[in-house]
Amino acid sequence: MTMTLKGIETLAKELQNRDMKVVICETFFYLLIISMAIAGNSCVLLAVYRNSRLRTVPNYYIVSLAISDILLPLLCAPYSVTVVIVGHWPFNDSVCQSQGFFVIILACASLLILTLTAINRFFRMVVTKHYRQIFTKWKTIIMIVLGVGLACLEPLPYLLTGRHYVFHPGKLFCFQTAEISLPNFIVYFYVGLPTSALSICYALVFRKMRIHQRTVHNLRSSSLAADNISQADVRVTKILFITVIGFLACWTPIAVIDFVDTFRGEVSLPRQVYVFYLILGNLSGAINPFIYGFLNRNFRQEYRKIFSLRKRSSRLHHLQMDLPSFSTRHPQI
């Protein structure tokens, strides 16, 4: 425990004694990433709201993931931004507990939602017979709600055993303590089991897709076509898979850093590693809208409409602002 406190104290001193250039640089990049996450995922929600063609069962998972990726910076980032600027934790313990609670819930919720998308793709591409019976609109919504509810249970064993979230001056937010205990290891079950499930699902899905591609190449009838699976389903599967890859690319280093600290029982890594940890956690929510826009034509078209509408609205606003001055210069009109 002494070594843990020593590591925390060292990081706290480094946070307070940063050069002004470092403070400006860290603040800029952190604000940039969380702004991208909020704006980008808001565009996802607006696109689905405006375009009825985007209201498909797979996109329900995208919408729920976008909501999670908006809530994380809205509920948790303002406190960390303040810490980045002032160099210490200026809030009370209740705020710390709230931030730690929402960080772990929203991270687990995102992973469980991605796992549900993998299960959805498995039934659509491999076990096609029962897909339409299982994945109706309301059943899909219920699955998502249950997944989020399961994520909300993750912090309870940690908190009910009398533990508290503590401010980590390296990560710049409140998180669970670094120690070997059952409540601390529950998070690894929440990470390990879903990651294993989605890996198996996508492995089986892409095995089926390879069979399909070979069949088409040999000019024989496709087994996918026999199951009424279209090329659109294949494209959706690839997009969702790339979303999973982006999520895991960001969160795997985070899990490794937490794993190292937990087994060492101390905070021992350099401050730059923990800042990288913070950036990756927020970056995972910022990249998804770009994945949809780059790979999904319907999302891309709706993005263009949204931004063109904003441009027209901006031009109209400037025109209205200019009209009074024009009338002043030409009172005879």
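Student: At roughly what angle do the axes of α4 and helix α10 cross?
Tutor: This is a predicted model, where local features need pLDDT of at least 70, side-chain atom pairs count only at pLDDT 80 or more, and totals for chains, interfaces and linings use all residues. Residues are numbered from 1 along each chain as its sequence is written, and side-chain values use heavy atoms, with hydrogens and water left out. The α4 and α10 (residues 231-264) axes cross at roughly 150 degrees and come within 10 Å. Axes are lines fitted to C-alpha atoms, for helices over the stretch in contact, with angles from 0 to 180 degrees between N-to-C directions. Helices are DSSP runs of H or I, at least four residues, and strands are runs of E, at least two, numbered from the N terminus.

Student: Parallel or antiparallel?
Tutor: Roughly antiparallel, a label for angles over 145 degrees.

Student: Which residues meet there?
Tutor: Among them, L111, L114 and R121 of α4 meet a set in α10 that includes L240, F247 and W251. Contact means heavy atoms within 4.5 Å.

Student: Now cysteines. Which ones does a disulfide join?
Tutor: C96 and C174, with S to S at 2.0 Å; the cut-off for a disulfide is sulfur atoms within 2.5 Å.

Student: What does the pair tie together?
Tutor: C96 lies in helix α4 (residues 93-125) and C174 in strand β2 (residues 173-175), so the link ties parts 78 residues apart in sequence.

Student: Are C96 and C174 buried or exposed?
Tutor: Both are buried, meaning under 20% relative accessible area with a 1.4 Å probe, protein chains only.

Student: And what about C108?
Tutor: C108 is in no disulfide, and the nearest cysteine sulfur, that of C152, is 9.7 Å away. C108 is buried, at 5% relative accessible area.

Technical notes
Buried < 20%, exposed > 50% of the residue type's maximum accessible area, 1.4 Å probe, protein only. Parallel < 35°, antiparallel > 145°, perpendicular 65-115°, else oblique.
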